[in-house]
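The following note sets out points for discussion. Please read it alongside the sequence and the model.

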Amino acid sequence: MSPTTLALRYGAFAVIATVTNLGTQRIVLNLGDSGAVFAMAVAAGTLVGLVVKYVLDKRWIFYDQSTGVKAHSRKFALYTAMGLVTTCIFWGSETAFWLIWSTDLMRELGAILGLMVGYVTKYMLDRRFVFTDDRLQAEGV
C-alpha cells in the first residue's frame, strides 16, 4: 500500500472512530450534566471508538489475518495498552478545553485535536509493538 493510501485510509478510520466516540458521548451526556455523567460519557465514547478502530486497523491497515480468541485477546490487549498513552492525550485535551471554555463545541474541538495527535502516535506504536508479525509477513520478510 502506498504511503498516501495508508494515510488516507488511516485518516478515514480515525474519523469514523472519532464520530462513533463523540456520538456515544452525546448519547451518554443526555443523562445529565454532572461530573460523573461527563466521566461516563468520555469512558463510553473511548471504549466504542477503541473497538471500532481496532477492527478497522486490524483488517485494513495492518492486514492481520489471525483468528481465534487467543490471537484476538493478545492483540486487543496490546492494542489497548498502546492506547493508554494516547487516551491520556485525548482525555487531557478534551478535559482542558471543557474546563477552560465550558461549552460542548470547545469540548469536542479539544477531543478532536487530542484524538488527531493520539491517532498519529497510536499508529506508530501499533506498527512497532502490536501488529509486528503481520506487517513483516505482508512485506514478505
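1. Leaving aside its neighbours within four places in sequence, with which residues is threonine 24 in contact? They are Ala44, Gly45 and Val48, where contact means heavy atoms within 4.5 Å. Threonine 24 has its place in helix H1; helices (H or I, at least four residues) and strands (E, at least two) are DSSP runs, numbered from the N terminus. The residue is buried, with a relative accessible area of 16%. Buried here means under 20% relative accessible area, exposed over 50%, and partly exposed in between (1.4 Å probe, protein chains only).

2. On the basis of the note: this is a predicted model, in which local features need pLDDT of at least 70 and side-chain atom pairs count only at pLDDT 80 or more, while totals for chains, interfaces and linings use all residues. Residues are numbered from 1 along each chain as its sequence is written, and side-chain values use heavy atoms, with hydrogens and water left out.

3. The chain contains five helices and zero strands, in the order α-α-α-α-α along the sequence. Its radius of gyration is 16 Å, close to the 14 Å that the globule rule gives for 141 residues, so the chain is as compact as a globular protein of that length. The radius is taken over C-alpha atoms, and the rule is 2.2 Å times the number of residues to the power 0.38. Along its principal axes, the C-alpha trace spans about 50 × 35 × 20 Å.

4. Of the 141 residues, 38% count as buried. Among contacts in the chain with a separation of 6 or more, 70% join residues 24 or more positions apart.

5. Helix H2 (residues 35–61) has 27 residues and reaches 36 Å from its first C-alpha to its last, close to the 39 Å expected at 1.5 Å a residue. That expected span is 1.5 Å times one less than the number of residues. Tyrosine 63, which follows H2, has a positive phi, near 50°.

6. The largest nonpolar core has 20 residues, of which Ile61, Tyr79, Tyr119, Tyr123 and Phe131 touch the most other members. Helices H1 (3–29), H2, H3 (69–101) and H4 (104–130) each supply at least two residues of this core, and the largest share, six residues, comes from H1. Such a core is a set of buried Ala, Val, Leu, Ile, Met, Phe, Trp, Tyr and Cys residues joined through side-chain atoms within 4.5 Å.

7. Not counting residues up to four places away in sequence, isoleucine 61 touches Met1, Leu6, Arg9, Tyr10, Phe13, Leu56 and Tyr123.
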